[in-house]
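Thanks for making time this morning; I would like to walk you through one chain, with the coordinates on the screen as we talk.

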Amino acid sequence: IGAPSSNYAGTFDGQSYNITNLNIDQSGTNYIGLFRSLSKAQINNINIDSATITGAQYVGGLAGIISSSNVSNCSVDGTITAATSSVGGITGYLSSYGIINDTSTSGTISTPGSYSGGIVGYGAPSSGGAALNTCHSSAHVSGGSSTGGLIGYFGSNTAGWTVINCYATGNVNSTSGSTGGLIGNNYRQSINNSYATGDVYSSATSSPSNMGGFIGGADTLTIANSYATGDAIGVLSDSGVYSVGGFGGSISSSKVINSYATGNVQGNYRVGGFVGTGSNNFTNCFSKGNVSSAQSSTAGFISRGSGNIYNSYSTGTVSSISSSWKYSFVGDLQYSLSCKNSFWNNESTILSTYCGATGKSAADLQNVATFTDVATTGLTGPWDFADNPNNDSATADIWTFSSILNGAFPILRLVGYGLEMGS
């Protein structure tokens, strides 16, 4: 329906009926989907089930390209393939003022090229913002550079993007870098209350960069109240992907707040339990996974960084095949980095660390006094826990404990584990 030169610009309400066994085979044609191109359109309540859709570039289950349009309460299940690049479960290309709400995908989404995502393959508005709200994907996603469980690439030099209350649960496979459980690569964006649980793999042997359990590469953004639980696994050799983290591969000029990663991490070098390479501020974060590298600069929390780390901790082991550059919490300092009120489990690793984080036993890290009693070595001010123990008088109640979740280490009260315990 429609074409790039003749956009669909009306209102289409599917009334929640199913379109079953949709088959489109146009491997030599760009802008392929149920709708080829949406501009100034309103699309509601469409369910596409057991679809097989193939195009060249900008291929989506619902639309090839979405611009200045709203999509709401739609779902796509099937096999969506782009022969060259830019494929998404909903759209291959999300442009200016595109809004997608309450929408989901499942099945298999793939391209041998770049920009593959569970909902959006490629998003780059020339003006105005775009948003995904309450969207999720369980699709298995594969591609080259910029591959993500929800979004392949999302960003703009001039416009802001938002991702709110979204998640991806499918595994992600890439032949390159810029790969993430939720988002492959992005720029100038805000992400809140979102998560990824699928494993992320890169088979690359050409030393690409940036892979993470939540996000691959990121620049100039804010991430809050988000988490990743899948493993981030690259080829364990000196030609595998580098800048790999349980949460993010490379996160630059950004803020990450109230977030965590629990998966194991493996890569070439610059491998960290939370972030491979990071700059600016990381506050109220933790990593739990074991970290291993082929070469240098491997660390329990951030491998190479600058900026500030506040009220954060790591508990995983750290290992490297060929390098002694292994660090308990933070590794190679890119510029200057300050760690305040931050800890690592010195029973998991007894390596050195830059930036002043303090090693504690597992029992200490399971004791609320470690984080709230200012007499604790390494603590300059209390963390904000529920019920205000010891010297804690803050009221946001960011942290709490559970004897049965997260190995009895601290959890974020309103994120992931904390929601699971109903606190």
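How far is the sulfur of cysteine 166 from the closest cysteine sulfur, and in which residue does that sulfur lie? The closest one belongs to cysteine 135 and sits 4.6 Å away, which is too far for a bond, given that a disulfide here is a pair of cysteine sulfur atoms within 2.5 Å.

Before I go on, a word on the ground rules: this is a predicted model, in which local features need pLDDT of at least 70 and side-chain atom pairs count only at pLDDT 80 or more, while totals for chains, interfaces and linings use all residues. Residues are numbered from 1 along each chain as its sequence is written, and side-chain values use heavy atoms, with hydrogens and water left out.

Back to the cysteines. Cysteine 166 is buried, with a relative accessible area of 1%, and cysteine 135 is likewise buried, with a relative accessible area of 1%; by buried I mean under 20% relative accessible area, with exposed over 50% and partly exposed in between, using a 1.4 Å probe and protein chains only.

A search of the whole structure does find 1 disulfide, which cysteine 339 and cysteine 355 form with their sulfur atoms 1.6 Å apart. The torsion about this S-S bond is about -90 degrees, so the disulfide is left-handed. The pair links distant parts of the chain, 16 residues apart, with cysteine 339 in strand S42 (residues 330-340) and cysteine 355 in the loop between strand S43 (343-345) and strand S44 (358-360); helices (H or I, at least four residues) and strands (E, at least two) are DSSP runs, numbered from the N terminus.

If we leave aside neighbours within four places in sequence, leucine 132 is in contact, meaning heavy atoms within 4.5 Å, with residues including Leu94, Ile100, Ile119, Phe154 and Cys166.

Next, the aromatic residues. The structure holds 33 aromatic pairs, where rings of Phe, Tyr and Trp (its six-membered ring) pair if their centres lie within 6.5 Å, and where planes under 30 degrees apart count as stacked, over 60 as edge-to-face and the rest as tilted. Tyrosine 260 and tyrosine 417 form a stacked pair, 5.4 Å centre to centre with 10 degrees between the planes. This pair links distant parts of the chain, 157 residues apart, with tyrosine 260 in strand S32 (residues 248-261) and tyrosine 417 in helix H3 (residues 417-420). Tyrosine 260 is buried at a relative accessible area of 2%, and tyrosine 417 is buried at 16%. The rings of tyrosine 313 and phenylalanine 371 have their centres 6.4 Å apart and their planes at 55 degrees, so that pair is tilted.

Strand S32 also holds serine 259, which counts as buried at 0% relative accessibility. A polar atom of the serine 259 side chain lies 3.2 Å from the backbone oxygen of serine 226.

What does S32 pair with, and in which sense? S28 and S32 pair in the parallel sense over 7 bridges, pairing being called if DSSP finds at least two bridges between two strands, and glycine 217 stands opposite serine 250 in S32. Strand S24 (residues 183-192) and S28 also pair in the parallel sense, over 8 bridges, with tyrosine 187 opposite aspartate 219 in S28. Strand S28 (residues 215-224) is mostly covered, in that 7 of its 10 residues are buried.

Finally, a loop residue: threonine 175 lies between strand S22 (172-174) and strand S23 (179-180), and threonine 175 is exposed, with a relative accessible area of 51%. Not counting residues up to four places away in sequence, threonine 175 touches Gly143, Gly144, Ser203 and Ala204.

Conventions
Polar contact = N/O pair within 3.5 Å; in protein donor to acceptor, adjacent residues only side chain to side chain.
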